[in-house]
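Hi,

Here is the structure I promised to pass on.

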Amino acid sequence: MVTDAQAYQAERRRAAERAEAEREVARAATEVSVTLQRSILGRVELPEGFAVRYEPAASALEVGGDWYDVVELADDVFGVVVGDVVGRGLPAAAVMGQLRSAGRALLLEANGPAQVLAALDRFAALVPGAACSTVFCAVVDRAAGVLRYSSAGHLPAVLADADGGAVMLDGAQSLPLAVLPGRLRPEAQVPLTPGDSLLLYTDGLVERRAEALDEGIARAVQAVVAGRELSPGVLAAVLVDQLIGDDQDDDVALLLYRHPAEVASSAR
């Protein structure tokens with residue numbers, strides 16, 4: 001009996017050690033994948049007024065295809081992009097990296113959002129795995145107080161004002177990349193006023209099982225409006241805490257911009 005009890009205790013210790021070792025491997029894999037994803041996503045230092053977040057799926061130990069980008073184009077003019085490649089893992093991350101780099105290069109050539117997406121459309125048609133990727137591209141002109149944007153099948157951005165109102169930027173919607181390459185992409189323009197908050201995001205922020213997508217988007221709008229007096233960095237953290245559940249099964253990339261009072265007022 002003593003021998004049996006000792007053997008049982010020894011087996012329990014070995015099982016506990018195996019479980020702890022597996023948890024360590026999982027933690028290390030998660031850290032490596034997130035580090036790789038964030039290195040692909042680029043710089044951490046952002047222009048004043050911007051904040052970004054990337055949150056991997058809770059159940060995934062791999063990189064994915066969600067991305068954001070902020071590109072300084074001129075004094076007080078910035079290109080902003082959020083996109084999502086179909087699929088997960090290294091193949092999706094590889095496609096994401098190519099699309100992100102191409103989009104950045106196109107913005108730096110002084111192309112507008114619609115031109116960027118039209119050219120990115122043709123590029124995506126040549127990249128295996130890039131078809132049906134979605135992208136929201138915009139140019140923020142602080143001095144002029146204007147936002148120009150175009151969307152390739154992506155969820156509409158949210159623009160909340162300092163008084164608690166909000167609009168969905170859905171005036172320039174078109175098909176995802178490489179579905180019908182060669183077609184003209186629409187572009188829309190909206191004014192930016194002091195204190196406006198702009199949110200670009202991927203679907204992992206708002207999609208939930210057994211729930212209409214509109215409900216998740218409505219929650220995001222409410223959260224941005226409620227946090228309109230918070231700094232962009234704090235608001236980004238609040239959005240992640242409030243909108244991403246414990247059962248998150250998709251990556252999330254989000255980008256926030258707060259339009260300043262001083263630049264907007266001096267331009268008018």
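Where is the place of alanine 110? Alanine 110 sits in the loop between H2 and H3 (helices, H or I, of at least four residues and strands, E, of at least two are DSSP runs, numbered from the N terminus).

Before going on, two notes on the model. It is a predicted one, where local features need pLDDT of at least 70 and side-chain atom pairs count only at pLDDT 80 or more, while totals for chains, interfaces and linings use all residues. Residues are numbered from 1 along each chain as its sequence is written, and side-chain values use heavy atoms, with hydrogens and water left out.

Back to alanine 110: its phi is near 65°, a positive value in a residue other than glycine. Most residues other than glycine have a negative phi. Alanine 110 counts as exposed, at 69% relative accessibility (buried is under 20% relative accessible area, exposed over 50%, partly exposed in between, with a 1.4 Å probe and protein chains only). Cysteine 132 also has a positive phi, about 75°. You'll find cysteine 132 in the loop between H3 and S4, partly exposed at 41%.

Next, the salt bridges (a side-chain nitrogen of Lys or Arg within 4 Å of a carboxyl oxygen of Asp or Glu). The whole structure has 7 of them. In one, arginine 100 pairs with aspartate 69, with the closest N and O atoms 3.1 Å apart. That pair links distant parts of the chain, arginine 100 being in helix H2 and aspartate 69 in strand S2, 31 residues apart. Both residues, arginine 100 and aspartate 69, are buried. Asp69, Arg100 and Arg104 are linked in a network of salt bridges.

Another bridge joins aspartate 76 to arginine 142, the closest N and O atoms being 4.0 Å apart. Aspartate 76 is in the loop between S2 and strand S3 (77-88) and arginine 142 in the loop between S4 and strand S5 (146-152), so the pair ties together parts 66 residues apart in sequence. Aspartate 76 is partly exposed, at 27%, whereas arginine 142 is buried, at 8%.

Finally, how many cavities of 30 Å³ or more does a search of the whole structure find? There are 2 (a cavity is a set of points, on a 1 Å grid over the protein atoms alone, where a 1.4 Å probe fits but cannot get out; lining residues have an atom within 4 Å of a point). The largest cavity has a volume of about 50 Å³, a volume being the space filled by probe spheres set on the points, which are joined across faces, edges and corners. Of its 13 lining residues, the closest to the centre are Trp67, Val81, Arg100, Gly103 and Arg104. H2 gives the most to this lining, with 5 residues.

Cheers

Key: On a 1 Å grid over the protein atoms alone, a cavity is a set of points where a 1.4 Å probe fits but cannot get out, and a pocket is an open set with protein on both sides within 12 Å along at least five of seven lines; lining residues have an atom within 4 Å of a point.
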